[in-house]
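Thanks for coming. I will go through one model today and keep to what can be read from its atoms and its database record.

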Amino acid sequence: MFHVVWNRHLKLMSRIMVSDVYLKLIFSRSFALARTPWMSRHSLVGDKNIVLMGPPGAGKTTVGKIVGQKLGSCFIDVDDDVLETTWNMSVAEKLKDVGNEQFLEEEGKALLNLSASGSVVSLTGSNPMNAASMEHVKKNGVVVYLDVPTQSIMDRLQLMKVDRIVGQGPGTSLRDILQFRKQFYKKWYDVRVLCENGITADAVAEKVLHAVKRYQDSDSDGFISTRSLRCNKKVEPKGSVKYFSDVLVEGLAPDGGLFVPEMGLPVFTAGEWQHLLGASYAERAQVILERCIHPADVPASKLWEIVQAAYGQNFTCSKIAPVRHLAGNQFLLELFHGPTASFKDLALQLMPHLFAYCIPQSCNYLILVATSGDTGSAVLDGFSRLKETDKQRIAMVTLFPQDGVSQIQKSQMVGYQEANTKVIGVRSDFDFCQSAIKQMFTDSDFTGFLTVEYGTALSAANSINWARLLPQVVYHASAYLDLVEQGIISFGNPVDVCVPTGNFGNILAAKYAQMMGIPIRKCICASNQNNVLTEFIKTGLYNIKERRLMQSLSPAVDILKSSNLERHLHLIANGDGQLVMQLFSSLENQRCFQLQEHFLHRLQQDLVADWCSEDDCLGAIRSVFDTTGYILDTHTALAKVVADRLQDKTCPVIISSTAHYSKFAPAVLQALRIGEIKQTPLSQLHLLNSYNPLPPVHRGLLETLKKNEKQQYQVCAADMNVLMEHVESLIQNHFMKVF
């Protein structure tokens, strides 16, 4: 509860509704303001108003007065200064006179009279339900949503003896009408302030000022390359700041580095995280992402549209990324309920919509994708869900190692081919495919030619793209909150996270969640026999001189050059771009680098690693099935093996289950010894399904295999010139026909 005196208590009791107040400039108000010079607040809001919005009982009036004091601004309470002044009667009398529906219309008309600038305005709880008046308010205001937990609002209204509010009809509970109103708040706000339980009105006012300052200063959310050599932002040329929309579209930094937020990631308080207990996955994603994406890039209302489209009917589980108890202190974070049955869906159902929104209308874009199996189909599915008008401006080329993905993964990718997509099997490994894409990005002659000749720019959808990596933070945070909801832990108790790791993106997202305030103790990196990461984390030596990539039963982690490790090294090096450039230049030229001892110590503070053999992987699948009836995929199995070895059982460990076992049916059949591996992929899934497994066979994969058994695709040599010709060919065939 706010630690404030509710001096309007008796007035509110007499109203039936709690609505919060309107605007007509009354400079003769007797409310004493602690004046500050005009220019000090003018620099924050200029001529715009700060408009506080939220449910009745959110404390908008009290907080608004404090904000007004701090800024030396006029405070306008819509209830007192607009509605009652306009109507010449109390709000309660007006409501009784005209009824609920007519009241909303009359309230909206009154708000249209508002004509103010540089003021702090406290709306009523029902103002957002009138579109015309809210459009009027937004024209000259920054709308700040005071997001207070529903139960807190219920408690406050009960204390004020308010049991009904505007719009609450017979048979409708107060909780239901409060939930109903949230859709209107989500539509109109520019910035959100999370008001956790127990926070004071003064603290909320400070949050409001901080949120408005961030809104006004988009440079505060700028990005730099991991290889940036600059030490001081002030020496950068004007206009050189990269924003979220820039890094989303560009993918890779011009110097070959990866983009990271210059000021780091936002940190949530424990109370703010607990605010998200009971929230849906989409609601959690919205709150986390809007703190990381400036509204100048993607407004909150548009972001909510995108989040809802991403995490809806396309997932087979309504919880999107549920947490399931496996055994003992081990829990599975099931990340395979998306349309292509891997964790990549959690980012790639979202990213294409962000991309389509952010790209300039005047340019075509070619998305380049390298995949070790799962990314390819996830990218293709995500972009296939865009509107046709967006598809006309966006094309994709997906490269995968011809002999380095499962038959089912290959069938998935091939089945998504359309006029604007091309899937290419490369006679090499994933590292070559990923390096080929980076080379195309950094080849100025090639990119310049595509721009001049075809009006086409390149972008990437691998986790080298910040917008691919960022959504993965959400499910690590959500998993922790789910354990709190289930009563397994109390908020603040630590957990460990174990992630099967190849390109280092998924485990880095867990590290980012930790930095944002989720109590993750250790991140456990699990590798297969391509265990370069395990050796590096243990010794500080990253050495691929004598290594050849070995094909395994867990192809998604068959990687020797882990791209996202660069972001983590930039982090532990305190942003030393020169050091990062030296390390990765050495890796490129000498195929190795050695981390200095003090940096290795930082690396090992909350990161441990081990690897799992093929036999141990199959053994884990068999053992878990025999004891629980649950089938692990090969990547989850190797993570289980490593978690068994490294986790000390003093806290829960969340194992990232990164793919559905259906994608790796031959290995699962081999582990369970229940069928012939040489059957067709479709027959293998039908055989597995006959055992009534837990979880069931992924129905999306069954449908994909039925449709795509005879699809064709191209195979080419590991030759950069040949790959560039394929890229140009797709651009010619798609964009030239469209335009």
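Start with Arg291, which sits over the face of Phe268, 4.3 Å from the ring centre. A charge counts as over a ring if NZ of Lys or CZ of Arg is within 6 Å of the ring centre and within 35 degrees of the ring normal. Before going on: this is a predicted model, where local features need pLDDT of at least 70 and side-chain atom pairs count only at pLDDT 80 or more, while totals for chains, interfaces and linings use all residues. Residues are numbered from 1 along each chain as its sequence is written, and side-chain values use heavy atoms, with hydrogens and water left out.

Next, the lysine in the record. The UniProt annotation, from an unreviewed entry, gives "modified residue: N6-(pyridoxal phosphate)lysine" at Lys344. UniProt positions are in the numbering used here, feature names are shortened, and annotations may be inferred rather than shown by experiment. Lys344 is in the loop between strand S9 (330-334) and helix H15 (345-348); helices (H or I, at least four residues) and strands (E, at least two) are DSSP runs numbered from the N terminus. Is Lys344 buried or exposed? Lys344 counts as buried because its relative accessibility is 8%. Buried means under 20% relative accessible area, exposed over 50%, and partly exposed in between, with a 1.4 Å probe and protein chains only. Leaving out residues up to four places away in sequence, Lys344 touches Asp374, Thr375, Ala378 and Arg468, where contact means heavy atoms within 4.5 Å.

Pro471 is 127 residues from Lys344 along the chain, yet their C-alpha atoms are separated by 9.9 Å. Pro471 belongs to helix H22 (residues 466-485) and is buried, at 1% relative accessibility.

Tyr311 takes us to the core. Of the 117 residues in the largest nonpolar core, Trp273 and Tyr311 touch the most other members. H22 supplies the largest share of this core, 13 residues. A nonpolar core here is a set of buried Ala, Val, Leu, Ile, Met, Phe, Trp, Tyr and Cys residues joined through side-chain atoms within 4.5 Å. A second, separate core has 39 residues, among them Ile408, Cys617, Val653 and Ala671.

Beyond four places in sequence, one of the residues that Tyr311 touches is Ile320. Ile320 has a positive phi, near 70°, and is not a glycine. Ile320 is buried, at 3% relative accessibility. Lys649 also has a positive phi, near 65°, but Lys649 is exposed, at 57%.

Last, the aromatics. How many aromatic pairs does a search of the whole structure find? The search finds 18. Rings of Phe, Tyr and Trp (its six-membered ring) pair if their centres lie within 6.5 Å; planes under 30 degrees apart count as stacked, over 60 as edge-to-face and the rest as tilted. Phe180 and Phe184 are edge-to-face, 5.4 Å centre to centre with 70° between the planes. These two are about one helical turn apart because they are four residues apart in helix H9 (residues 174-188). Phe400 and Tyr713 have ring centres 5.7 Å apart and planes at 45°, so that pair is tilted. Phe400 is in strand S11 (residues 394-401) and Tyr713 in the loop between H32 and strand S20 (714-716), so the pair ties together parts 313 residues apart in sequence. Phe400 is buried, at 0%, whereas Tyr713 is partly exposed, at 24%.
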